[in-house]
Amino acid sequence: MAGAIIENMSTKKLCIVGGILLIFQVIAFLVGGLIAPSPTTAVAYTSVKCIDVRKNHHKTKWLTPWGPNYCEKIKDFDEAVSRQIEANDIVFAVHIPLPNKEMSPWFQFMLFIMQLDIAFKMDNDLKENAEITLDVSLAYRDDMFDDWEEIAHAIELRKLKCTFGSPKTLESEGRHYDCDFLPFMEIGSVAHKYYLINIRLPVNERKGINVGIGEIKDIRLVGIHQNGGFTKVWFAMKTFLTPSILIIMVWYWRRITLMTRAPVLLEKVIFALGISMTFINIPVEWFSIGFDWTWMLLFGDIRQGIFYAMLLSFWIIFCGEHMMDQNERNHLSGYWKQVGPIAVGSFCLFIFDMCERGVQLKNPFYSIWTTEVGTELAMAFIIVAGICLCLYFLFLCFMVFQVFRNISGKQSSLPAMSKARRLHYEGLIFRFKFLMLITLACAAMTVIFFIVSQVTEGHWKWGDITIQVNSAFFTGIYGMWNLYVFALMFLYAPSHKNYGEDQSNGDLGVNSGEELQLTTTITHVDGPTEVYKLARKEAQE
Amino acid sequence: MLDGHVLLGWLSSCALLGLLACAPRPSAAYFGLTGNEPLTILPLTSEMEEAAVKAHYKVCDRLKLEKKQRRMCRRDPGVAETLMEAISMSALECQYQFRFERWNCTLEGRYRASLLKRGFKETAFLYAISSAGLTHAMAKACSAGRMERCTCDEAPDLENREAWQWGGCGDNLKYSNKFVKEFLGRKPNKDLRARVDFHNNLVGMKVIKAGVETTCKCHGVSGSCTVRTCWRQLSPFHEIGKQLKQKYETSLKVGSTTNEATGEGDISPPKKSIPGHSDQIPRTTDLVYIDDSPSFCLMSRYSPGTSGRKCYKDKNCDSICCGRGHNTQSRVVTRPCQCQVRWCCYVECKQCTQREEVYTCKD
């Protein structure tokens, strides 16, 4: 991999390339900040208390809070008591979306969280560790006057985590508990226009179901979905980025195959990074507009996971291959210690994701966090993944430290070396430092923007211009890592130019042989090994 | 006579509200507990079940609104229902907050009408709780899908839909604030009393705004916080009522600093009046009042007085009986106890008999 384009490029050209990349970077930020709306919207829904007036509940009947055939409502539960309506006949109904609106496939996903308004009553106190049992069902229709079609039905348990701010005396009766919100539902595609959620709270005293859950006043839901405008901008970006990365990938691989030698590990890793980037880029989400593919959310997670794993592996291998010590690596097996944690960590997260979003494909109301065992399992996976990540970063930091130590060692002995070898080392050092610099810059940008988007409100107003910070963060960072991969493949592709073009009168003892050697492997050539390797090379040939 | 007053439960006294209509007021008509309409707590649901298209027109007419308010009410069947709910919510909360006070938020027509003619602290509270109730009820009605036009309502229908598909709509609270501001009308210019009322209305809305909590949910890759969505939610109306009650206790008296004869008065706290600045409404979130409140001890135009009121010994008997002392009556009562309640609709109780002391204020 010696003699990459970056080493042979003049500073002027390098600046031009850098400038062009910077322009694209700024464009990526502006696209998100100025064109796109905020990435997601949260809509608050208050459930309407409907009465299921039928005598027996053989078939599920859908109760609609408003619109045609709306249900018979009650205002509060005092009314239910006076009218002698049983708990099992009360259905909390939520129509999604609100009147005069419709959902669209561009929303990509919907997730709902549930908030319970529980009032304190002296004779109906909320028990410690109370659990609420919900009989939930979800239906859809595409026309206001169609019948509802069932999507899912489940009986779910949720733990109530509530605190009460004031003393539990007669005086504070009627005040509300402060309850944590509960995960309610997640679906990975929004293929229909209208959705309906019906929630029942069945009471069974003998089995202790829904006993001691306090006086529930209201059930509120908050629905979160991606904004259509953001989806469009995102798709456009993906559609534009896919061919750009694909083209540079083809160009890069052609360069490598044009060379006489077999590709070295680092070149393969860079290519693999390109592949994983393209895998993220390919806008298969376009299909979600036409098809009801609920697994898109899970698929997106997997694609991102693969890319992150690839990127982390690349950094390790890049450091290793620039170590400039005696070890012959050039094999993935030589990095098992460092790549191992990445593999274990991403596998853990994959299993966790399958347990959460994978099961949600079958039952959208499922959440791993609702059960004791599930929570422990999930925490275990996340902790293992966290430990792996820490381990990885320790290794990485140690390797970077080693490289720098070797660099400083080499730099002192540089003047004494032969020109080819000196150029080789200078090339290695420059390449390493350059990548180190842009990687750190990219990582810092990511972290800074992440923090900024977390602490600020969704948008900044600048006179008439509104900048959507969160959208800018997403498009900007996404664009940035694409440019990173692009630049990597472009600048670290093997160069056609040789060191020795104007070096024929150099003081090299070995010339073409060493050059061949230097371009074949970036591992260390020092003293006797050099001769030995040369001999081996000849023997192989 | 005592038995009649023992039933102090605020729910039961509510039923009394609808009995009397009150006289029209001189200053600008507001809404809710401060409006012209009789405080009839209508049976909301049965009213709205009628499929008749213009059913809500009737409700709007009964509310005795101003011209502009009536137009806003008729615009959407949901508005009428929400206005009704706002009234009952504010009334219940007012009575709940003042259940231990001398003035126990008696809203019977003539007392309320006389109160509203003056600028007492109590009047200030009524204004604030009315506007707060409306803001709260409106936001809630939006999220329950009761209103046809809610957020995203600025543009015509098609653009509306496009706005929703492109970037979602604003939140309910913003809409309800806008609605209430429009509903209550513009800031009055000259009349001191009208400006005090307007200020107190704004205080109610500000308390709602200050009680808004932002909650966030992370939903990035594997539930990480790379993607986070936040929304704002209202605090329960009980909290709002509690805060307004505190504001009532610390309310400021304002007087006119300039010539009353010309009618160009300024509202400002008497102590720190700034002569140079005209049009000074104290830029605080304090409630303001003009007239000192009566004692509410004896029967007057403003309240039925506290004679015969049930009080709590060691708690408020001294204060609400105004030093007249209280009668103690010992009775044996049978009442439900050790109740087992399911979350709704069914209560299983034992009947317990116990001796109970009832304290009522002397005449």
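Predicted model: local features only at pLDDT ≥ 70, side-chain atom pairs only at ≥ 80, totals over all residues.
Which residue does a disulfide join to Cys50(A)? The partner is Cys71(A), with the two sulfurs 1.8 Å apart.

## Disulfides

Two sulfurs count as bonded when they lie within 2.5 Å. By that rule there are 8 disulfides over all chains. Three of them are described here, starting with the pair in chain A.

The Cys50(A)–Cys71(A) bond has a torsion of about -55 degrees, so this disulfide is left-handed. Cys50(A) sits in strand β2 (residues 48-51) of chain A. Cys71(A) sits in the loop between β2 and β3 (72-73). The pair therefore ties together parts that are 21 residues apart in sequence. Cys50(A) has 0% relative accessibility and counts as buried. Cys71(A) is buried too, at 6%.

Cys94(B) is joined to Cys105(B), with an S to S distance of 1.8 Å. The torsion about that bond is about 105 degrees, so the link is right-handed. Cys94(B) and Cys105(B) are both buried.

Another chain B disulfide joins Cys216(B) to Cys230(B), S to S 1.9 Å. With 100 degrees about the S-S bond, this link is right-handed. Here the bond runs between two strands: Cys216(B) is in β1 (residues 213-218) and Cys230(B) in β2 (residues 228-233) of chain B. These parts are 14 residues apart in sequence.

Are Cys216(B) and Cys230(B) buried, partly exposed or exposed? A residue is buried under 20% relative accessible area and exposed over 50%. Cys216(B) has 27%, so it counts as partly exposed. Cys230(B) has 34%, so it is also partly exposed.

| Disulfide | S to S distance | S-S torsion |
|---|---|---|
| Cys50(A)–Cys71(A) | 1.8 Å | about -55 degrees |
| Cys94(B)–Cys105(B) | 1.8 Å | about 105 degrees |
| Cys216(B)–Cys230(B) | 1.9 Å | 100 degrees |

## Cysteines without a partner

Counting bonded cysteines along the chain, the disulfides of chain A follow the pattern 1-2, 3-4. Cys15(A) is in no disulfide. Its nearest cysteine sulfur belongs to Cys442(A), 17 Å away. Cys15(A) is exposed, with a relative accessible area of 53%.

Cys319(A) is also in no disulfide. The nearest cysteine sulfur is that of Cys397(A), at 9.4 Å. Why does Cys319(A) count as buried? Its relative accessible area is 5%, and the cut-off for buried is under 20%.

## Helix α7 and the annotated spans of chain A

Helix α7 of chain A covers residues 296-321, a run of 26 residues. Its first and last C-alpha atoms are 37 Å apart, close to the 38 Å expected at 1.5 Å a residue. The helix is mostly covered, with 20 of its 26 residues buried.

An unreviewed UniProt entry lists several stretches of chain A as "transmembrane region", among them 265-284, 296-318 and 339-359. How much of residues 265-284 is helix? The span is 85% helix and 0% strand, and its end C-alpha atoms lie 30 Å apart. Residues 339-359 are 100% helix and 0% strand. The end C-alpha atoms of that stretch are 29 Å apart.

Technical notes:
Residues numbered from 1 in each chain as written. Chains lettered and ligands numbered in written order. Heavy atoms only, no water. Helix = DSSP H or I, 4+ residues; strand = E, 2+ residues; numbered from the N terminus. Buried < 20%, exposed > 50% of the residue type's maximum accessible area, 1.4 Å probe, protein only. Expected span 1.5 Å × (residues − 1). UniProt positions renumbered as here; feature names shortened; annotations may be inferred.
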